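Keep the structure open as you read.

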Amino acid sequence: MDDAEMENSVDKVEMNESDNESVGQQSHIGSSYMPSFQYSHQKMRQGLAKYISSSGQVITSAQHARFEKFIQEYVQSEYSTICLHTIKSDSLNYFNDMKRALISELSGFNGTFSFSTNFWSSADDQLGFICVTAHYIDSAWMLQRRIIAFRMLEYPHSDTVIFQSIMDIFREYMIDDRVFNITFDNVTGSDAIIDMFENSLQPPCGGQFSYMRCLCHMVNSMVQEGLKLMEAHIEKIRGAILYIASSSARQQEFSALCESRGLKYRELKPDFKDHWNSTFLMLASCVNYNAAISEFYNGKHDGSNLLCESDWEISFLFMNFLKVFRSVALSNSKVYSPTSSGGLFILRYISKCFDKHRGHSIPEFTAIYDIMELKLKSYCECMLPSFCLAAAMDPRFNGQGLDFLVKDISEYLSMPLLNMDTKAIGARLHDLYKGYESKFAEKEKPTSDRIPKRKRFDDGDESAVEKFLEWRRQKDIKTYGPTELHKYLGVDYTAYMTNEEFQNFDILAWWKDNALSFPVLSKMACDLLTVSVSAIAPEFVFSSTSGNQVLDYKRSMEPSEMLDCLFCMKDWEDARLRAQNWTDDDMVEYHADSEQC
């Protein structure tokens with residue numbers, strides 16, 4: 001299913017808006033005209049329901065007296081407030097129409113799905129919710145993502161309750177027989193839950209049930225452990241910045257101090273404690289200004305809690321890790337590019353950072369380093385094989401490239417990675433490929449009626465072109481092996497790539513262009529590339545609560561069916577507009593005057 005097909009479905013169920021279009025008289029001025037507007041209360045109700053349910057607004061937002069005053073005075077004087085019950089009813093009707101269309105589309109989709117699951121709690125931490133997101137590649141080789149459910153969990157939130165809730169959602173959408181992979185967060189991905197899925201789901205092309213543990217959660221977990229041990233140092237820096245930023249007079253004094261030191265004035269801003277990307281940006285803004293900050297702050301204070309060189313040294317060391325972790329989190333917040341194929345490269349990137357800072361002389365930093373590295377090693381031992389399979393579907397790393405990445409990770413982390421050499425990875429790929437070959441080989445095999453007509457030569461029963469193609473096929477078998485996978489792994493696709501082409505490589509476009517050359521393998525690639533390495537909602541990747549995403553109080557008071565409506569509809573509308581990507585641009589803008597690194 002591609003965007004055009006989804007948009008057609010949207011058009012069919014948008015409450016028959018086109019039937020309510022006002023057909024007014026046209027006011028002609030020369031050759032141009034503007035159609036007159038006729039207000040329709042019924043159409044306004046439908047539009048308001050669509051706006052509230054798909055824009056992330058609180059359902060009571062249209063109840064405010066000032067909203068009514070704004071609409072009446074500046075938009076439409078005939079507007080009258082709609083009661084809350086009617087807004088909820090209209091929103092749910094719109095949601096149910098859209099949901100039926102999506103169920104029809106997904107159940108009729110000729111392919112498999114990967115899913116990500118994450119746990120949410122209410123503001124008082126009593127109610128639990130499960131969010132399930134479907135990931136798939138459509139017929140145009142475009143990556144799609146849809147939240148298909150945001151459901152309240154029965155209490156207590158046991159492993160069985162979580163498992164059964166997810167399975168019920170799969171059955172509701174009639175796709176329980178096409179689950180290729182599930183990416184779990186730390187709550188929904190217990191060993192017991194994974195065992196239940198392994199015993200219940202049959203992979204579409206055979207083999208074992210495939211799952212992924214959230215990479216962003218692992219990164220966030222490392223950050224939180226580091227921040228706990230760094231708190232005393234960062235709190236002193238935060239306090240100094242607050243002291244300067246909270247007074248215009250102090251800012252002027254600090255500006256004069258910067259000028260005397262030959263520094264351009266920098267408007268420093270404190271971070272938000274529960275968003276570590278903000279902590280990184282705060283620390284980065286202090287680079288080259290740390291001496292000036294210390295001089296200014298210490299000169300205004302007496303006592304033992306003054307800023308010292310060691311505070312800056314250890315904080316800047318930790319900042320180097322935060323810079324890498326932020327880059328990783330942002331790269332996995334993107335929705336429309338595969339993340340699974342780049343997972344191995346990301347692990348190498350993180351591992352290289354650890355290797356660079358290994359053996360540092362500051363004992364306190366060594367303790368922080370050791371805790372974070374232990375978490376990374378544990379994750380690599382568990383998830384590296386899955387990353388290798390997906391990375392193999394990237395033509396840039398299909399053969400020896402995998403060996404290069406795995407060996408680097410092993411050396412950077414000083415840990416042996418057993419059975420992860422090129423030969424072992426190849427064996428795992430061939431085992432997986434056998435299932436696809438048995439299911440699709442005959443279906444995709446060219447037949448006489450599918451081969452384009454060619455000019456025949458007087459050489460007997462076969463044309464010269466057909467004989468040449470058969471000769472070429474046999475030559476490829478002798479050179480590479482008998483299957484599409486053998487040929488794919490045997491060719492160096494980077495030989496004629498420039499550095500720019502390598503860096504800007506579009507993996508989905510490549511497979512779209514080469515699907516006819518690899519009719520079976522392309523289906524396996526499609527499945528492996530749908531896997532999401534992150535289960536965390538994008539807006540929570542930097543949050544200290546990412547292991548337990550929390551609804552605010554206003555959301556927590558909504559009925560569960562309304563939460564399902566609001567979360568799904570916002571995502572579906574964003575998907576229709578291809579606007580599901582998320583960045584931390586707002587945080588960057590907040591620190592913009594600080595000219596961070």
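The protein chain is built from 23 helices and 8 strands. Please keep in mind that this is a predicted model. Of the 597 residues in the chain, 50% count as buried. If you take the contacts with a sequence separation of 6 or more, 75% of them join residues 24 or more positions apart.

**Two helix pairs**

Let us begin with helices that pack against each other. Two packed helices are described by the angle between their axes and the distance between the axes.

Helix H5 covers residues 159-172 and helix H6 covers residues 191-200; their axes come within 9 Å and cross at roughly 40°. H5 and H6 are therefore oblique to each other. The crossing of H5 past H6 is right-handed. On the H5 side, the contact is made by Asp159, Thr160, Ile162, Phe163, Ile166, Met167 and Phe170, and on the H6 side by Ala192, Ile193, Met196, Phe197 and Ser200. Sorted by class, the residues of this H5 and H6 contact are 9 nonpolar, 2 polar and 1 charged.

How do helices H2 and H4 pack, and at what angle? Helix H2 (residues 41-54) and helix H4 (residues 84-107) meet at an angle of about 75°, and their axes are 9 Å apart. An angle of 65 to 115 degrees counts as roughly perpendicular, and H2 and H4 are therefore roughly perpendicular to each other. H2 brings Arg45, Leu48, Ala49, Lys50, Ile52 and Ser53 to the contact, while H4 brings Thr86, Ile87, Asp90, Ser91 and Tyr94. The contact of H2 with H4 has 5 nonpolar, 3 polar and 3 charged residues.

**Aromatic rings**

Next, the aromatic side chains. How many aromatic pairs are there? The count comes to 39 aromatic pairs. One of them joins Phe95 and Trp572, a stacked pair with 5.6 Å from centre to centre and 20° between the planes. This pair links distant parts of the chain, with Phe95 in helix H4 and Trp572 in helix H22 (residues 560-576), 477 residues apart. Are these two residues, Phe95 and Trp572, buried or exposed? Both Phe95 and Trp572 are buried.

Another pair to look up is Trp276 with Phe542: the ring centres are 4.9 Å apart and the planes stand at 75°, so the pair is edge-to-face. Here too the pair links distant parts of the chain, 266 residues apart: Trp276 is in helix H9 (residues 276-285), and Phe542 is in the loop between helix H20 (521-530) and strand S8 (549-550). Trp276 counts as buried at 1% relative accessibility, and Phe542 is buried with a relative accessible area of 1%.

Aromatic residues also gather in a group: Phe109, Phe113, Phe115, Tyr136 and Phe170 form one aromatic cluster. You have met Phe170 already, as one of the H5 residues in the contact with H6.

**A buried serine**

Ser351 sits in helix H12 (residues 343-356). Is Ser351 buried or exposed? With a relative accessible area of 0%, Ser351 is buried, because buried means under 20%. Apart from neighbours within four places in sequence, Ser351 is in contact with Leu376, Ile409, Tyr412 and Leu413.

**Backbone details**

A few backbone features deserve a click as well. The peptide bond from Tyr155 to Pro156 is cis, with omega near 0°. Pro156 lies in the loop between strand S5 (143-152) and H5.

Which residues have a positive phi without being a glycine? Met174 and Arg578 are among them, and the table sets out their phi values.

| Residue | Phi | Relative accessible area |
|---|---|---|
| Met174 | about 60° | 48%, partly exposed |
| Arg578 | about 55° | 25%, partly exposed |

To find them, look for Met174 in the loop between H5 and strand S6 (179-184). Arg578 is in the loop between H22 and helix H23 (585-590). H22 is also the helix that holds Trp572 of the stacked pair with Phe95.

Definitions and conventions. Residues numbered from 1 in each chain as written. Predicted model: local features only at pLDDT ≥ 70, side-chain atom pairs only at ≥ 80, totals over all residues. Heavy atoms only, no water. Axes fitted to C-alpha atoms, helices over the stretch in contact; angles between N-to-C directions. Helix = DSSP H or I, 4+ residues; strand = E, 2+ residues; numbered from the N terminus. Parallel < 35°, antiparallel > 145°, perpendicular 65-115°, else oblique. Left-handed = near helix turned anticlockwise from the far one by under 90°. Contact = heavy atoms within 4.5 Å. Nonpolar A, V, L, I, M, F, W, Y, C, P; charged D, E, K, R; others polar. Phe/Tyr/Trp six-rings, centres within 6.5 Å; stacked < 30°, edge-to-face > 60°. Buried < 20%, exposed > 50% of the residue type's maximum accessible area, 1.4 Å probe, protein only.
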